[in-house]
Amino acid sequence: MAGGFVRAARASDASGLARVQVASWRAAFAGLVPDAVIAELTSDESVGQFTERWRDAISAPPTSKHRVHVAVEKPGDPEILGFAAAGPATDEDLWPGTNGELYELHVLPSLADEGHDGRLLNAVADTFTEDGFSTGYTWALSGDDVRIGFLEAAGWAPDGSRSNLDMGVKVPVVRLHTRVGSAGG
């Protein structure tokens, strides 16, 4: 496993986040989402929109518990290799005071085996604990065996909740959860 570091994202990282997100989606969504949807989500216009959204999310997060972490090769390195975004849970059946949500976790596909995803997931778990969350949740495409397998190996498990992501067609998703922090709080 190669080295790497995780730090808080800066507004200047926004284009790197969009670039990683698009590359990750191209790899992860292949065969699970229609090609036309992938093409639309990864177009130059979409990359520009995602860059602006990430800049806003980093510069003016909705709460102090909304966090974006980036993986880099070494401190001070401007190249974003992966990122994770997390904050209070958004599902109606969860309480955002004690439940955190991993909104996004992406690593450049060419670096998938270098441990950046694990370092990012650990950073999210650390900030969940700092922010008082006792349980973390995330959604994954039901057919994304790589992501689900990675999360299960890290201690996450399906909680029985299923839904569909509307991407022009219904794409099945499954929710996973994990306990974070100490059992006593």
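**View 1. Lining of the largest pocket in the predicted model.** Of the 21 lining residues, Phe-29, Tyr-103, Glu-104, Trp-139 and Leu-165 lie nearest the centre. A pocket is an open set of points on a 1 Å grid over the protein atoms alone where a 1.4 Å probe fits, with protein on both sides within 12 Å along at least five of seven lines; lining residues have an atom within 4 Å of a point. Its volume, the space filled by probe spheres set on the points, joined across faces, edges and corners, is about 520 Å³. Strand S4 (99-107) gives the most to this lining, six residues. Helices (H or I, at least four residues) and strands (E, at least two) are DSSP runs numbered from the N terminus.

**View 2. The second largest pocket.** This pocket has a volume of about 400 Å³ and 15 lining residues, with Val-107, Ala-112, Asp-117, Val-146 and Arg-147 nearest its centre.

**View 3. Crossing of H1 and H3.** The axes, lines fitted to C-alpha atoms over the stretch in contact, come within 8 Å and cross at roughly 125 degrees; angles run from 0 to 180 degrees between N-to-C directions. Contact (heavy atoms within 4.5 Å) involves residues including Trp-25 of H1 and Trp-54 of H3.

**Notes.** Residues are numbered from 1 along each chain as its sequence is written, and side-chain values use heavy atoms, without hydrogens and water. Local features need pLDDT of at least 70 and side-chain atom pairs 80 or more, while totals for chains, interfaces and linings use all residues.
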